[in-house]
Amino acid sequence: MEVDVKWDEHDKRWVARKTVTYKGVKFLCKGTSVKSKADARESWQRAKERKIAEIDGKAEVKAGKIKLKVALPKWYDDYKRNDGRNADTIRTNEDTIEQIKKVLGEKNVCDIDSDTIQSYFNLLASSLADNTIDKYWCMLHMFFAHLYPDGGNPMARCVQTKSKIKTKSRTWKIDDDDDEPTDMLAYTPTEMKRLAAELAKPYNVHSGWHTGDRGYSAGLPVVVCMYQFLRVGEVVQLRVKDILWNDDTCTSGYIWVRRQYDENNKVVKVPKYNSKRKVPIMVECVDILRKACDGKQPNDLLFQSGTIYNPDKTTHEGRLLRGRLRDNLNKACERTGLERHTIHDLRHDGISRLVDMGVRPQSVQRWAGHKSLSVTLDKYYRHNGEDNAADLALISGDYDKEEQLPA
């Protein structure tokens with residue numbers, strides 16, 4: 001193929017240009033040289049061969065002549081990794097892909113048919129639980145649905161096999177939250193403010209699902225859990241009539257805690273240890289509780305599900321569920337960069353905050369509904385990692401000198 005070569009006065013070099021069509025792909029090929037026309041033609045030929053190799057490679061990939069261990073991660077990186085998934089989901093997806101690659105990774109995508117996939121899931125059923133099998137199934141189904149958008153997905157002819165492992169049904173501890181407390185330090189007052197400010201962002205249905213400006217559908221009840229150190233079952237069962245404003249003995253008022261909701265058994269019962277009590281409303285929760293009461297009747301739930309989305313599909317008589325609160329908290333911790341605390345950790349945080357502020361432990365015990373002071377101080381109080389300024393002043397001699405003078 002003869003290629004015209006011309007001298008480019010601006011770049012001071014020989015330039016070879018020619019349009020080529022290969023396997024239905026039309027492209028302009030270019031080669032240059034400062035030495036001679038022959039060198040420019042050779043440069044053009046090398047550029048042409050590189051482009052043909054690229055087209056052949058793409059053609060093979062499009063035809064499925066590529067190993068699954070290469071194709072599956074590349075598809076995930078291109079189409080799924082950056083679609084708003086959070087870090088935990090990405091880690092789970094990556095682990096799922098690695099496990100799939102161990103068995104099917106060496107096979108070319110075009111060679112994986114319905115029989116191969118069915119045999120693979122039959123094998124998984126003998127060693128994995130149903131929820132893990134679901135993850136593998138969904139991952140492969142999304143991949144093949146993308147690869148064969150016009151039909152021909154081999155998984156369309158497969159049946160998802162159920163696990164042959166017999167597992168015990170999961171039971172939750174209802175009395176003191178199903179989120180087991182961790183051994184982390186308590187949040188500092190500054191960290192609690194950061195978390196509360198994040199959770200207070202209103203829910204925006206028009207924002208991306210995992211974006212920071214999406215807001216929170218149940219962020220404010222989580223803030224109440226933290227500052228009022230209530231159990232989750234107590235918060236979701238609060239009604240408007242349980243908020244007692246402007247009591248003579250308290251500037252803001254009290255929360256009357258007298259019931260808690262057991263969402264597993266769908267029953268309302270008295271709080272743990274029969275700890276009916278009045279908890280002073282913390283200043284951080286005054287506005288939240290006032291707005292939650294506005295426009296409602298005394299028997300209405302203070303915090304309701306279904307007010308943000310799916311209003312006609314409420315369950316548990318409109319009560320918020322533990323999973324919703326947990327999801328809101330996890331997202332807020334991730335977006336603020338705070339160490340992840342569970343819902344029950346927030347109860348520890350709120351109690352520790354009051355003790356550090358100098359509130360009498362006996363008062364904290366009564367407000368928290370603990371059966372003994374040792375539970376409050378030994379089990380629930382946590383250090384937040386910061387030294388108390390007043391304590392440091394005492395041991396360094398920087399307290400008020402006048403108090404040392406004889407009377």
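The questions and answers below concern a predicted model.

Trainee: Which residue takes a positive phi in the hairpin of strand 2 and strand 3?

Mentor: The hairpin of strand 1 and strand 2 has four residues between the strands, and Lys12 in its turn has a positive phi of about 55 degrees. The hairpin of strand 2 and strand 3 has two residues between the strands. There, a positive phi near 50 degrees is taken by Lys23.

Trainee: Why is one side of strand 4 and of strand 8 left without a neighbour in the sheet?

Mentor: Three antiparallel strands form an open sheet in the order 4-5-8. Strand 4 (243-245) and strand 8 (277-280) stand at its edges, so one side of each lacks a neighbour in the sheet: each has a single partner strand.

Trainee: What angle does the direction of helix 9 make with that of strand 4?

Mentor: Strand 4 pairs with strand 5 (residues 253-257) in the antiparallel sense over three bridges, and Ile243 has Ile255 of strand 5 as its bridge partner. Helix 9 (residues 286-293) packs on this sheet and touches both strand 4 and strand 5. The angle between the direction of helix 9 and that of strand 4 is about 110 degrees.

Trainee: How do helix 2 and helix 5 stand to each other, roughly parallel or roughly perpendicular?

Mentor: Helix 2 (residues 68-79) and helix 5 (residues 130-147) pack with their axes 11 Å apart, at an angle of about 85 degrees. Angles of 65 to 115 degrees count as roughly perpendicular. Helix 2 and helix 5 are therefore roughly perpendicular.

Trainee: How many residues in the contact of helix 2 with helix 5 are nonpolar?

Mentor: Helix 2 contributes Leu68, Ala71, Leu72, Trp75, Tyr76 and Tyr79, and helix 5 contributes Met139, Met142, Phe143 and His146. One of the residues in this contact is polar and none is charged. The nonpolar count is nine.

Trainee: Which helices are included in what covers the buried residues of helix 4?

Mentor: Helix 4 (residues 114-124) has buried residues at Ser114, Thr116, Ile117, Gln118, Tyr120, Phe121 and Leu124. Their cover includes helix 3 (87-104) and helix 5.

Trainee: Is the pair Asp242 and Arg258 buried or exposed?

Mentor: The side chains of Asp242 and Arg258 form a salt bridge, with 2.8 Å from N to O. This pair links distant parts of the chain, 16 residues apart: Asp242 lies in the loop between helix 8 (232-237) and strand 4, and Arg258 in the loop between strand 5 and strand 6 (260-262). Under 20% relative accessible area a residue counts as buried. Asp242 and Arg258 are both buried.

Trainee: What is the relative accessibility of Arg81?

Mentor: Arg81 meets Asp77 in a salt bridge of 2.8 Å, N to O. Asp77 is partly exposed, its relative accessible area being 35%. Arg81 also counts as partly exposed, at a relative accessibility of 25%.

Trainee: What is the relative accessible area of Asp83?

Mentor: The side chain of Asp83 meets that of Arg85 in a salt bridge of 3.0 Å, N to O. Asp83 is partly exposed, and its relative accessible area is 43%.

Trainee: How many salt bridges does the count come to?

Mentor: The salt bridge of Asp242 and Arg258 has been described above. Elsewhere, salt bridges that share partners join Lys67, Lys69 and Glu106 into one network. The count of salt bridges comes to 18.

Methods:
Residues are numbered from 1 along each chain as its sequence is written. This is a predicted model: local features need pLDDT of at least 70, side-chain atom pairs count only at pLDDT 80 or more; totals for chains, interfaces and linings use all residues. Side-chain values use heavy atoms; hydrogens and water are left out. Two strands pair if DSSP finds at least two bridges between them. Contact means heavy atoms within 4.5 Å. Axes are lines fitted to C-alpha atoms, for helices over the stretch in contact, and angles run from 0 to 180 degrees between N-to-C directions. A salt bridge is a side-chain nitrogen of Lys or Arg within 4 Å of a carboxyl oxygen of Asp or Glu. Buried means under 20% relative accessible area, exposed over 50%, partly exposed in between (1.4 Å probe, protein chains only). Angles under 35 degrees count as roughly parallel, over 145 as roughly antiparallel, 65 to 115 as roughly perpendicular and the rest as oblique. Ala, Val, Leu, Ile, Met, Phe, Trp, Tyr, Cys and Pro count as nonpolar, Asp, Glu, Lys and Arg as charged, and the others, Gly among them, as polar.
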